[in-house]
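Dear colleague,

Please find below the structure for your review. My notes on it follow directly after.

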Amino acid sequence: MGNHRFFLFDIYLTVYFLTGLDSFMAQTVVGVMRDLAAKGKTILCTIHQPSSEVFVMFDKLLLMAEGRVAYIGPRSEASGFFASVGLPLIEDYNPADFFVHTLAITPGQEEECRAKV
């Protein structure tokens, strides 16, 4: 039969995986995902309204607005990127909330929002 090696690429995809969890459990779940990533696994996930503590546990972000990429890169550099385009992070504000509000298209203010994005 011979000596064959098979390489499997593990990709974990999670969608709204933190919904319904308290902050402690959310941090625990993200910690497990970080451990898997440290072992070479690829983790793709969508998050909705993460706490500040959970948000800083992510290494890389893909932020989108109306189906287009608004930012992709290290989480630690996202605030600097937004500041460089005239959208500085509000002090003492959850960065995840800031990005959602900044990239959202508000009904009745569509043109203004789209110009900002």
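Leaving out neighbours within four places in sequence, Thr102 is in contact with Phe82, Leu87, Lys116 and Val117. Please bear in mind that the model is predicted. Thr102 belongs to helix H4. Its relative accessibility is 7%, and Thr102 therefore counts as buried, the cut-off being under 20%.

At least two lining residues come from each of helix H1 (23-38), strand S2 (42-46), strand S3 (60-65), strand S4 (68-74) and helix H4 (95-103). Sorted by class, the lining of the largest pocket comprises 23 nonpolar, six polar and five charged residues.

The second largest pocket holds about 150 Å³ of space. Of the 14 residues that line this second pocket, Leu18, Leu21, His48, Gln49 and Pro50 are the closest to its centre. The lining of the second largest pocket divides by class into seven nonpolar residues, six polar residues and one charged residue.

With kind regards

Key. Residues numbered from 1 in each chain as written. Predicted model: local features only at pLDDT ≥ 70, side-chain atom pairs only at ≥ 80, totals over all residues. Heavy atoms only, no water. Helix = DSSP H or I, 4+ residues; strand = E, 2+ residues; numbered from the N terminus. Nonpolar A, V, L, I, M, F, W, Y, C, P; charged D, E, K, R; others polar. 1 Å grid on protein atoms, 1.4 Å probe; cavity = no way out; pocket = protein on both sides within 12 Å on 5 of 7 lines; lining within 4 Å. Points joined across faces, edges and corners; volume = space filled by probe spheres on them. Buried < 20%, exposed > 50% of the residue type's maximum accessible area, 1.4 Å probe, protein only. Contact = heavy atoms within 4.5 Å.
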